[in-house]
Amino acid sequence: EEVKELLKICEPGVIDKTRYLVKAGEHTFEVDEFYGDNEGLTVAEVELASEGQSFVKPEWLGTEVTGDVKYYNSMLKKNPYKNWK
């Protein structure tokens, strides 16, 4: 019953991705590798205790995109990565 109610407010469609948990220093990054219309996009997320908390940035970490709405799953469905180029 609750699931049906939640599905009513969800965006239609599916984002196809694999999530990896990658330990780097004292933190674990959630790394999402996307497929389908978002093939080629990889996004890493890390939870910090506060916005100003320092952390070791692994060499594979790219550009900071925090707050950039185009990377939100809901936006990736509406405007997929394949359209960015």
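Histidine 27 is buried, with a relative accessible area of 13% (buried means under 20% relative accessible area, exposed over 50%, and partly exposed in between, with a 1.4 Å probe and protein chains only). The model is predicted, so local features need pLDDT of at least 70 and side-chain atom pairs count only at pLDDT 80 or more, whereas totals for chains, interfaces and linings use all residues. Residues are numbered from 1 along each chain as its sequence is written, and side-chain values use heavy atoms, with hydrogens and water left out.

Histidine 27 belongs to strand 2 (residues 27–34); strands (E, at least two residues) and helices (H or I, at least four) are DSSP runs numbered from the N terminus. Beyond the neighbours within four places in sequence, the contacts of histidine 27 are Val22, Val46, Glu47, Leu48, Gln53, Ser54 and Phe55, contact meaning heavy atoms within 4.5 Å.

Four salt bridges were counted, a salt bridge being a side-chain nitrogen of Lys or Arg within 4 Å of a carboxyl oxygen of Asp or Glu. In one of them, the closest N and O atoms of lysine 17 and aspartate 32 are 3.1 Å apart. Lysine 17 lies in strand 1 (residues 17–24) and aspartate 32 in strand 2, so this pair ties together parts 15 residues apart in sequence. Aspartate 32 is buried at 5% relative accessibility, while lysine 17 is partly exposed at 26%.

Arginine 19 and glutamate 30 also meet through their side chains in a salt bridge, at 3.4 Å from N to O. This pair links distant parts of the chain, with arginine 19 in strand 1 and glutamate 30 in strand 2, eleven residues apart. Both count as partly exposed, arginine 19 at 43% relative accessibility and glutamate 30 at 29%.

A salt bridge between aspartate 37 and lysine 82 has its closest N and O atoms 3.4 Å apart. Because aspartate 37 is in the loop between strand 2 and strand 3 and lysine 82 in the segment after helix 2, the pair ties together parts that are 45 residues apart in sequence. Relative accessible areas are 40% for aspartate 37 and 49% for lysine 82, and salt bridges that share partners join Lys17, Arg19, Glu30 and Asp32 into one network.

The largest nonpolar core consists of five residues, Phe34, Leu41, Val43, Leu76 and Tyr81; such a core is a set of buried Ala, Val, Leu, Ile, Met, Phe, Trp, Tyr and Cys residues joined through side-chain atoms within 4.5 Å. Leaving aside neighbours within four places in sequence, valine 43 contacts Glu30, Val31, Asp32, Phe34 and Tyr71.
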